[in-house]
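I opened a notebook page for this structure. The entries below record what I looked up, one topic at a time.

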Amino acid sequence: MRRQAERPRDRRDRIVSTAANLFGTDGFAHVSIADIARQEGITGPAIYRHFASKQLILDAVIARLLGDLTLALVDASGSKQDEGARLTAAIAATWSYALQQPWPLATYLRDEGYLPSNLLIGIAERRSLLTDSWLRVAPGIGDHEYVDTRVQSLLGALGPLASRPTPGA
């Protein structure tokens, strides 16, 4: 029986996951395309079929993190009527994500500065969507700028979780 070829989207997602782990543990500057490819079991040139540069992989890692956090907030707080209960659920969801997926958060906190300004604009837009989600969770907590600052503080406070060694490592 012939093995079905992997879909490009699936391969792309696996590359992002592998890169998130490597960037999280070793740092963006210390990981090469060859390292990602080797860990993924493909060649370096195969990575370039999905991403034109290592910076675009980093952008995808951070975009996934911000998107996942936004979805976690919506899922955790959407059905609760009381603002306090929604806020508690949103904080718990963010905490849980940081525990379950530490390396994308570590990468975001430490390595975002490696992105060129044109990619940082996209990250800022995604971060704004995350802030908007927090505002929907608890509209009474402040304006967009205030909440954005607090969200960044919360993510920063979770940084030690993201930089902890993996269990069993």
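**Ground rules.** I am working from a predicted model, in which local features need pLDDT of at least 70 and side-chain atom pairs count only at pLDDT 80 or more, while totals for chains, interfaces and linings use all residues. I number residues from 1 along each chain as its sequence is written, and side-chain values use heavy atoms, with hydrogens and water left out.

**Entry 1, H5 and H6.** I took helices as DSSP runs (H or I, at least four residues), numbered from the N terminus. I looked up how helix H5 (residues 83-100) packs on helix H6 (residues 102-111): the angle is about 100 degrees and the axes are 5 Å apart. That makes H5 roughly perpendicular to H6, a term that covers 65 to 115 degrees. The axes are lines fitted to C-alpha atoms over the stretch in contact, and angles run from 0 to 180 degrees between N-to-C directions.

Which residues meet there? From H5 I noted Tyr97, Ala98, Leu99 and Gln100, and from H6 Pro102, Pro104 and Leu105. Contact here means heavy atoms within 4.5 Å. Sorted by class, the contact has six nonpolar residues, one polar and no charged. For these classes, Ala, Val, Leu, Ile, Met, Phe, Trp, Tyr, Cys and Pro count as nonpolar, Asp, Glu, Lys and Arg as charged, and the others, Gly among them, as polar.

Helix H7 (residues 117-137) has 21 residues. I found 30 Å from its first C-alpha to its last, close to the 30 Å expected at 1.5 Å a residue; the expected span is 1.5 Å times one less than the number of residues.

I then picked Leu135, which lies in H7. Leu135 is buried, at 18% relative accessible area. Beyond its neighbours within four places in sequence, Leu135 touches Gly142, Asp143, His144 and Val147. Leu87 is 48 residues from Leu135 in sequence, and their C-alpha atoms are 9.7 Å apart.

I paired rings of Phe, Tyr and Trp (its six-membered ring) if their centres lie within 6.5 Å, calling planes under 30 degrees apart stacked, over 60 edge-to-face and the rest tilted. By this rule I count two aromatic pairs. Phe23 and Phe28 are edge-to-face, at 5.2 Å centre to centre and 65 degrees between the planes. Phe28 and Tyr114 have centres 5.0 Å apart and planes at 40 degrees, so this pair is tilted.

Phe28 lies in the loop between helix H1 (8-26) and helix H2 (33-40) and Tyr114 in the loop between H6 and H7, so the pair ties together parts that are 86 residues apart in sequence. Phe28 is buried at 5% relative accessible area, whereas Tyr114 counts as partly exposed at 39%. I noted Phe23, Phe28 and Tyr114 as one aromatic cluster.

How values were computed:
Helix = DSSP H or I, 4+ residues; strand = E, 2+ residues; numbered from the N terminus. Parallel < 35°, antiparallel > 145°, perpendicular 65-115°, else oblique. Buried < 20%, exposed > 50% of the residue type's maximum accessible area, 1.4 Å probe, protein only.
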